[in-house]
Amino acid sequence: MKVRDLIDKMGLTLFSGELCLDKEISGGYVSDLLSDVMGNAAEGQVWITLQSHKNIMAVASLKDLAAVILVKGQAPDTDTMAHSIEEQVPILGTDQEAFETAGQLYHLLNA
Amino acid sequence: MEFRYEIEGGNFSRAGHASSAVKKILKQLNVDNKVIKRVVVALYEGEVNVVAHAEKGSMMVDIDEQRIRIRIEDSGPGIPDIDLAMQAGFSTASAAVREMGFGAGMGLPNMKKNTDQMHVTSEVGKGTQVEMITWFRQ
Ligand SMILES: Nc1ncnc2c1ncn2[C@@H]1O[C@H](COP(=O)(O)OP(=O)(O)O)[C@@H](O)[C@H]1O
Ligand SMILES: [Mg+2]
């Protein structure tokens, strides 16, 4: 599944990165700890988190993640969005909590 | 080939710049993707430690055909007990830094796990030096 299909199927907000929605999703990772994501997330995964500051983009780009989903209505800072465009990793959003978001993503990827 | 990047203590908005520059070089050199993935973890954690815990530092990267050697030196408070600092979960990060999702105490363990050799030296009140080596042929 591509990021663009995920946005459709989950009704996610697209905050930034509309030019890089064709990345193939390999899985998901849920964490608000940057070192945890750094150490354990894998290429192509979608990262579900509460963190919305700029450093999430450094992590997402270094780890070659497919996209970041901000949960609970979090919106990215302006410099986070700028970094997202620069690093070509889209930032998506939802009002749902991490639990529901991860559940849906899991279901979609394993259907 | 040698490269050097300056790291500013306390400036989280620039954290990751040096690591990202080194990653690009490794990609250009066609280093095995698996090796790049490991090295990137070590670079970032090392860079963030200077930002989070020290005043200023530099990252020196030396790449030849066989291996990458990363040396990160900082001026800062130093580490009083390196064995303790290396333990997973140990962190002296401030509440504000933790709130950002840093300070999980996983940085040094991540660095050790993702390099072939790692050596930390430190002098309290002066600074810390971390040297890491990873071979390209795993
Ligand atoms: N460059 C450094 N200068 C001073 N102290 C450091 C440095 N790097 C690590 N430390 C100390 O070691 C601890 C553990 O480091 P680390 O495993 O990276 O976890 P974290 O950075 O999340 O606290 C830090 O909390 C800090 O006390
Ligand atoms: Mg650290």
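Colleague: Which residues lie nearest the centre of the largest pocket, and how many residues line it?

Modeller: This is a predicted model. The lining of the largest pocket has 35 residues, and those nearest its centre are Asn49(B), His53(B), Ile79(B), Thr92(B) and Leu108(B). Two or more lining residues come from each of these elements of chain B: H2, strand S3 (67–75), helix H3 (82–86), H5 and strand S5 (127–135). H2(B) gives the most, with seven residues. The space in this pocket is about 630 Å³.

Colleague: What makes you say that ligand 1 sits in the largest pocket?

Modeller: The word "sits" requires that more than half of a molecule's atoms lie within 2 Å of the grid points of the pocket. Ligand 1 is listed as sitting in the largest pocket, so it passes that test.

Colleague: Why is the pair formed by Ser91(B) and ligand 1 called a polar contact?

Modeller: The cut-off for a pair of N or O atoms is 3.5 Å. A polar side-chain atom of Ser91(B) is 2.5 Å from an oxygen atom of ligand 1, so the pair counts. Thr92(B) also has a polar side-chain atom 2.5 Å from an oxygen atom of the ligand, and therefore counts too. On its own, ligand 1 has 530 Å² of accessible area, and the protein covers 94% of it.

Colleague: Which residues come nearest to ligand 1?

Modeller: There are 19 residues around the ligand, and the nearest are His53(B), Asp74(B), Ser91(B), Thr92(B) and Gly105(B). In chain B, helix H2 (33–53) and helix H5 (107–113) each supply at least two residues of this shell. H5(B) has the largest share, three residues.

Colleague: What is the make-up of that shell by class?

Modeller: Nine of its residues are nonpolar, nine are polar and one is charged.

Colleague: Where does the largest share of its lining come from?

Modeller: The largest share of the lining of the second largest pocket is four residues, from H1(B).

Notes
Residues numbered from 1 in each chain as written. Chains lettered and ligands numbered in written order. Predicted model: local features only at pLDDT ≥ 70, side-chain atom pairs only at ≥ 80, totals over all residues. Heavy atoms only, no water. Near = heavy atom within 4 Å. Polar contact = N/O pair within 3.5 Å; in protein donor to acceptor, adjacent residues only side chain to side chain. Areas by Shrake-Rupley, 256 points an atom, 1.4 Å probe, with all protein chains shown as cover. 1 Å grid on protein atoms, 1.4 Å probe; cavity = no way out; pocket = protein on both sides within 12 Å on 5 of 7 lines; lining within 4 Å. Nonpolar A, V, L, I, M, F, W, Y, C, P; charged D, E, K, R; others polar. Points joined across faces, edges and corners; volume = space filled by probe spheres on them.
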